[in-house]
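Here is a short briefing for a reader who is new to this structure. Look at the sequence and the model, then read on by topic.

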Amino acid sequence: MQQSFEPPGEHLQCYAAGSTAGSGGKGAVCSPVCGHPYAGLVSHLRTSWLSGRTRPMEYRVAQLEALGRFLDDKKEEILEATASDMGKPCFEAFFSEILLCKNELHQTLNNLGQWMKDEHVGKNLVTQLDSAFIRKEPYGVVLIIGPWNYPIHLLLVPLIGAIAAGNCVIVKPSEISKNTERLVAESLSCYLDNDCYAVVTGGVQETTKLLENKFDFIFFTGSPAVGRVVMSAAARHLTPVTLELGGKNPCYVSDSCHVQNAARRLAWGRFFNAGQTCIAPDYVLCSLEMQEKLMPALREAIAEFFGPNPQESPDFGRIVGDKQFRRVRALLGSGRVAMGGQTDEEERYIAPTVLADVLPSDPIMQEEVFGPILPIVVVANMDEAIDFINARPRPLAVYAFSSDSKVVNQVLERTSSGGFCGNDTLMHLTLTSLPFGGIGNSGLGKYHGKFTFDTFSHQRGCLHRNMGLEALNSPRYPPYSQQKLGLVTATFEIKRRGMCTIL
Ligand code: NAD
């Protein structure tokens, strides 16, 4: 794995890596190309990919196992880095950055042989003696760009799938979570093959330059605004993309629900990682009566989780940076502060906060909260909640709480979102069996488990025909005749089920 690249300056700096898993300890050598600081790196990875080195299953397994060793060896450093970046509590960091990555890794290693296999498909009459199959092929050189909120998870989970599918990869961690960025840039190269995998560090300027290169696939996680930038850059090369974006995830709480349980599950989802979670419930929609019931229940849940003063709790995080802190703090002006509301700029602390009687026109309802603030918007009933959701861009997740499963199903059926979870928050993300991704404004494409492998694989449709049996082919060759047309129709036509077929 290449060690970190930090151009664009006058020259591209390339560092030979230390020990590697697959290249016998040799780092790649890239020569700077004027005006194209990453061109040498991309072309080096493309040469490796074309050599076929990443294709054998044994190679992929060795790299994935090396990634597992990275997670094991660097566990403490990962916990320290995410704590330094955003005060991420150890429990939350272990759960989200390590355990879920290991789950993805194990799921992949356990099933890779099966996933890689050719998929044999149905055939028509003329191809009965041939072989028709879908080959899962790597795209080639792929770029993975990550955000700062789960800086290991959101880089490594796609990386696992990209390696499993046989690609060469450049990962670009977020520059905002700088301690984790440094750890990834300095350490990953000691585990992975330097000729096939690289880390590029930097912010907007560097990523813009990086995106000028032709990649064979781009996997981006971040905001919808930057998603547009990435998709435009990809369009110049007709590069396919997956965009994992953000937005406002609504949570409808019906009048018939176990209020205390709903409050606990809501508070957990909203205040995990100090609210900096793409699928956090962004706002609650409920009746006035439910708002009154939820208040004491949420207060109790917050006190149960974080004690009387959450600022002193080791289990409550901080906002990642000053700019982000000021943005989130400004949202406290919406509605009425029902609990919380305290801030400490020096620590970038914002208390777990609930805002009541928030209006749709309030500033907090105009952008993704991405902080520990839960606004409640009062609606008359479920129909109004559904209309409210459907009048806005399609979110990454919709949540619905009700003891009546008909209500949960109604919300599911009459709304559209990337994912859905009834009677809880965030939990659908923990299942590698479910596709994870957005729709519309919240993204494009999906991953997790087999979906990640499929995302990074080109499904090549293949037909391998028999060289003989030419008589079977002659009806399709000129000179054409009515009789040949009849034969071609009979052998190629797909009939609607239930229609009479005479062959
Ligand atoms: P961001 O879009 O600002 O940055 C993401 C990445 O893009 C970073 O690596 C950054 O360096 C790079 N980048 C930023 N501006 C760029 C530009 N102009 N050109 C090229 N690259 C650029 O997002 P963020 O602030 O790191 O993360 C927060 C956002 O990400 C939220 O909207 C959140 O909902 C979303 N998110 C989505 C998911 C998901 O799985 N769908 C997960 C986490 C976060």
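The side chains of D193 and R53 form a salt bridge, with N and O 2.9 Å apart. A salt bridge here is a side-chain nitrogen of Lys or Arg within 4 Å of a carboxyl oxygen of Asp or Glu. This is a predicted model, in which local features need pLDDT of at least 70, side-chain atom pairs count only at pLDDT 80 or more, and totals for chains, interfaces and linings use all residues. Residues are numbered from 1 along each chain as its sequence is written, and side-chain values use heavy atoms, with hydrogens and water left out.

**Salt bridges**

- D193 lies in the loop between α6 (178–187) and β6 (197–200), and R53 in the loop between α1 (39–50) and α2 (57–73), so the pair ties together parts that are 140 residues apart in sequence.
- Helices (H or I, at least four residues) and strands (E, at least two) are DSSP runs, numbered from the N terminus.
- D193 is buried, at 0% relative accessible area, whereas R53 is partly exposed, at 28%.
- Buried means under 20% relative accessible area, exposed means over 50%, and partly exposed is in between (1.4 Å probe, protein chains only).
- K248 forms a salt bridge with D282, and their closest N and O atoms are 2.5 Å apart.
- This pair links distant parts of the chain, 34 residues apart: K248 is in the loop between β8 (241–244) and β9, and D282 is in the loop between α9 and β10.
- K248 counts as buried at 16% relative accessibility, and D282 counts as buried at 2%.
- R329 forms a salt bridge with E345, with the closest N and O atoms 3.2 Å apart.
- R329 lies in helix α11 (residues 322–330) and E345 in the loop between β12 (343–344) and β13 (349–350), so the pair ties together parts that are 16 residues apart in sequence.
- R329 is partly exposed at 29% relative accessibility, and E345 is partly exposed at 36%.
- A search of the whole structure finds 23 salt bridges.

**The seven-stranded sheet**

- An open sheet of seven strands runs in the order β11-β14-β15-β10-β9-β16-β17, with mixed pairing.
- β11 (336–339) and β17 (419–422) stand at the edges with a single partner strand each, so one side of each is left without a neighbour in the sheet.
- Neighbouring strands of this sheet are turned by 25° against each other on average, direction ignored.
- Axes are lines fitted to C-alpha atoms, for helices over the stretch in contact, and angles run from 0 to 180 degrees between N-to-C directions.
- Two strands pair if DSSP finds at least two bridges between them.
- β10 (residues 283–286) and β15 (residues 373–378) pair in the parallel sense over three bridges, and C286 has V378 as its bridge partner in β15.
- β9 and β10 also run parallel, joined by three bridges, and P250 stands opposite Y283 in β10.
- β9 is covered on both faces: P250 and Y252 on one side, and C251 and V253 on the other, are all buried.
- Helix α9 (residues 259–271) lies across β9 (250–253), β10, β14 (353–356), β15 and β16 (397–401), running at about 130° to β15.
- Contact means heavy atoms within 4.5 Å.

**The three-stranded sheet**

- An open sheet of three strands has the order β2-β3-β19, with antiparallel pairing.
- β2 (119–120) and β19 (457–464) stand at the edges, each with a single partner strand, so one side of each is left without a neighbour in the sheet.
- Two bridges join β2 to β3 (residues 131–138), and E119 has I134 as its bridge partner in β3.

- Most residues other than glycine have a negative phi, and most peptide bonds are trans.
- L238 has a positive phi of about 55° although it is not a glycine; L238 is in the loop between α8 (224–236) and β8 and is exposed at 77% relative accessibility.
- H448 has a positive phi of about 95°; H448 lies in the loop between β18 (443–444) and α14 (450–455) and is buried at 4%.
- P478 and P479 are joined by a cis peptide bond, with omega about 0°, and P479 is in the loop between β19 and α15.
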